[in-house]
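Good morning, and thank you for coming.

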Amino acid sequence: YVIGDGSNGFLDSSRAHAKVGGPHDIDLDPLSTDLLLCDYTNHRMRRITFQGRTNVYAGDGTAAHADGIGLAASFSHPVFMAVAGDGTHYVVEIISCVISKITPGGSVTKLSGQAASTCTTSVDGVATADYIWPSGIALHPTLPRLYVSEYTSNIVRRVSTADGDVQTMLGVKGTPGFLDGPAGTALYSQPAGITFTAAGVAYVA
């Protein structure tokens, strides 16, 4: 079935009666038969049921990051997500340069990033961590780590799901190019997508 009527907008409804704005990443909820959707221009996370009903489960539509539960939280342009087996998922907010964590109960918290930044600095650490236009995101299959591609900085970052510690793992910050080699010398040019095999091998586009 089709979700959306072909026009850009926002409306929770059934199948072609629903409206979405700039739909981006989509994934399966491992705890149900629902699909999870990043609604980019509506700054919301939406759930699509097996029957074709679309509902907002997080975000109030305000284009800024704010922690909260369900509709009391807010996002700034959610673009990609990674979903864990327990239903927890991690969302890239590309404009606020934040990685958000959403629990199965709908609690939204900032995992890493400054939220109030202008996305002009790429900094490792926990409390100090920041991004320049984070893009793709993937969850390591066996370790409590996320990997985030940072498009403008030409690097790939590792993020601890336990405490939000961010470390640059691949590429040379601010140096675009194509060069095979060890983690600290290999070069990327605007990395975007990232995925893992079951064995923990990462592929970066």
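I shall begin with the whole chain, then turn to one strand and its neighbours, and end with particular residues in loops.

First, the basis of these values. This is a predicted model, in which local features need pLDDT of at least 70 and side-chain atom pairs count only at pLDDT 80 or more, while totals for chains, interfaces and linings use all residues. Residues are numbered from 1 along each chain as its sequence is written, and side-chain values use heavy atoms, with hydrogens and water left out.

Now the chain as a whole. The protein chain has 0 helices and 15 strands; helices (H or I, at least four residues) and strands (E, at least two) are DSSP runs, numbered from the N terminus. Its radius of gyration is 17 Å, close to the 17 Å that the globule rule gives for 205 residues, so the protein chain is as compact as a globular protein of that length. That radius is taken over C-alpha atoms, and the globule rule is 2.2 Å times the number of residues to the power 0.38. Along the principal axes, the C-alpha atoms of the protein chain fill a box of roughly 50 × 35 × 30 Å.

Of the 205 residues, 46% count as buried. Buried means under 20% relative accessible area, exposed means over 50%, and partly exposed lies in between (1.4 Å probe, protein chains only).

Let us consider β7. What is the burial of this strand? In β7, 5 of its 5 residues are buried. In a regular strand, side chains alternate between the two faces of the sheet. In β7 both faces are covered: His89, Val91 and Glu93 are buried on one side, and Tyr90 and Val92 are buried on the other.

Which strands are paired with β7? Strands pair if DSSP finds at least two bridges between them. β6 and β7 run antiparallel and are joined by 5 bridges, and Val83 has His89 as its bridge partner in β7. These two strands form a hairpin with 5 residues between them, and Gly87 in the turn has a positive phi of about 95°. On the other pairing, 5 bridges join β7 to β8 (residues 98–102), again antiparallel. Here Tyr90 has Lys101 as its bridge partner in β8. The hairpin of β7 and β8 has 4 residues between the strands, and Cys97 takes a positive phi near 55°.

Thr88 lies in the loop between β6 (78–83) and β7 (89–93). Is Thr88 buried or exposed? Thr88 is buried, because its relative accessible area is 7%. Leaving aside neighbours within four places in sequence, Thr88 is in contact (heavy atoms within 4.5 Å) with Ala82, Val83, Lys101, Ile102, Thr103 and Pro104.

Finally, two residues other than glycine with a positive phi. Trp133, in the loop between β9 (107–112) and β10 (134–139), has a phi near 55°. Trp133 counts as partly exposed, because its relative accessibility is 31%. Gln190, in the loop between β13 (166–170) and β14 (194–196), also has a phi near 55°. Gln190 is partly exposed, with a relative accessible area of 42%.

Thank you for your attention.
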